[in-house]
Amino acid sequence: GIGMDSCVIPLRHGGLSLVQTTDFFYPLVDDPYMQGKIACANVLSDLYAMGVTECDNMLMLLGISNKMSDKERDTVVPLMIRGFKDLAEEAGTMVQGGQTVLNPWVTIGGVATTVCQPNEFIEPGNAVPSDVLVLTKPLGTQVAVNAHQWLDEPERWNRIRLVVSEEDVEKAYQESMYLMSRLNRTAAKLMHKYNAHGATDITGFGLLGHAKNLAEHQKNEVSFVIHNLPIIGKMAAVAKACGNMFQLLQGYSAETSGGLLICLPREQAAAFCKDIEKQDGQQSWIIGIVEKGQRTARIIDKPRVIEVTPKIE
């Protein structure tokens, strides 16, 4: 229904449900192949937030800019399509249709569809007091992408060059591309193993925006309190140097294809984090708690910033 990451529609046929989601956006990185992968990961992430691990079909939605030259179009578009298809294949699904339009902007996205039995998806509204909140990717992708663009804009670069080096920005940007193109599929599988009570993925409304939305849709009277903010290395300093522009530490900085925010039983959260690191080689973090409350979410006044060092060399 409305407010969930994917729609879940009971079918006429024997206990099955159609689970479906769609998303698209404008390019945010300068590598067309990676942009295709990021767009695909972003679409699939809404299924994974529901604990769905298998996608039966994808459609690709492509907007091609009429401001591009023929050469630009013939170079960029096939790379975006290949990136999207390659990641769909990695996710165990296929792109079997879509729509392409010519318009002033480049856009890319798609539709992800699966047919599920009731035990194959996890409804997002079952958090209980004493659960903890786990986040499966660090924050700061928007800050890193913007900082990278500012390397070519002296006026903006001057605002942040005292807190970050060009090398730091390049590493954060490369790490962001990798993170945004990484599937949340392992996290979705482990949600079942460790009895998750609900989840959402962190995208355009930022950590707190999506946490509030998830809290609003809980069946029990609970609230979420966030104590820790895992952030891509040096990006918290960049955000602070820019004043209130990103609102990263306030929880409202947009992410693209971010991690899952999962409500897990307290006694199983550490094992979840250990398991995902073993399988994906990536950290997850316990960032907060679920307590009795009025279905709201907040970040404490002085949250602990966890600097996540980029692994990309």
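I began at the end of a helix: α9 is followed by G281, whose phi is positive, near 70°. I keep in mind throughout that this is a predicted model.

I then went back along α9 itself, which covers residues 266-280 and has 15 residues. From its first C-alpha to its last, α9 reaches 22 Å, which is close to the 21 Å expected at 1.5 Å a residue. I looked up which residues of α9 are buried, and found A269, F272, C273, D275 and I276.

Next I turned to a pair of helices, α1 (residues 32-48) and α2 (residues 70-90), which pack at an angle of about 40° with their axes 6 Å apart. Angles under 35 degrees would count as roughly parallel and those from 65 to 115 as roughly perpendicular, so I noted α1 and α2 as oblique to each other. Their crossing is right-handed. I listed the residues that meet, among them Y33, K37 and C40 in α1 and L79, R82 and F84 in α2. By class, this contact has 11 nonpolar, 3 polar and 3 charged residues.

Last, I looked at G63, which is found in strand β3 (residues 57-65). Is G63 buried or exposed? With a relative accessible area of 0%, G63 is buried, since buried means under 20%. Leaving aside neighbours within four places in sequence, I found G63 in contact with V101, N103, W105, V106 and T107. The C-alpha atoms of G63 and P104 are separated by 8.4 Å, although the two residues are 41 residues apart along the chain.

Note on methods
Residues are numbered from 1 along each chain as its sequence is written. This is a predicted model: local features need pLDDT of at least 70, side-chain atom pairs count only at pLDDT 80 or more; totals for chains, interfaces and linings use all residues. Side-chain values use heavy atoms; hydrogens and water are left out. Helices (H or I, at least four residues) and strands (E, at least two) are DSSP runs, numbered from the N terminus. The expected span of a helix is 1.5 Å times one less than its number of residues. Buried means under 20% relative accessible area, exposed over 50%, partly exposed in between (1.4 Å probe, protein chains only). Axes are lines fitted to C-alpha atoms, for helices over the stretch in contact, and angles run from 0 to 180 degrees between N-to-C directions. Angles under 35 degrees count as roughly parallel, over 145 as roughly antiparallel, 65 to 115 as roughly perpendicular and the rest as oblique. A crossing is left-handed if the near helix is turned anticlockwise from the far one by less than a right angle, and right-handed if clockwise. Contact means heavy atoms within 4.5 Å. Ala, Val, Leu, Ile, Met, Phe, Trp, Tyr, Cys and Pro count as nonpolar, Asp, Glu, Lys and Arg as charged, and the others, Gly among them, as polar.
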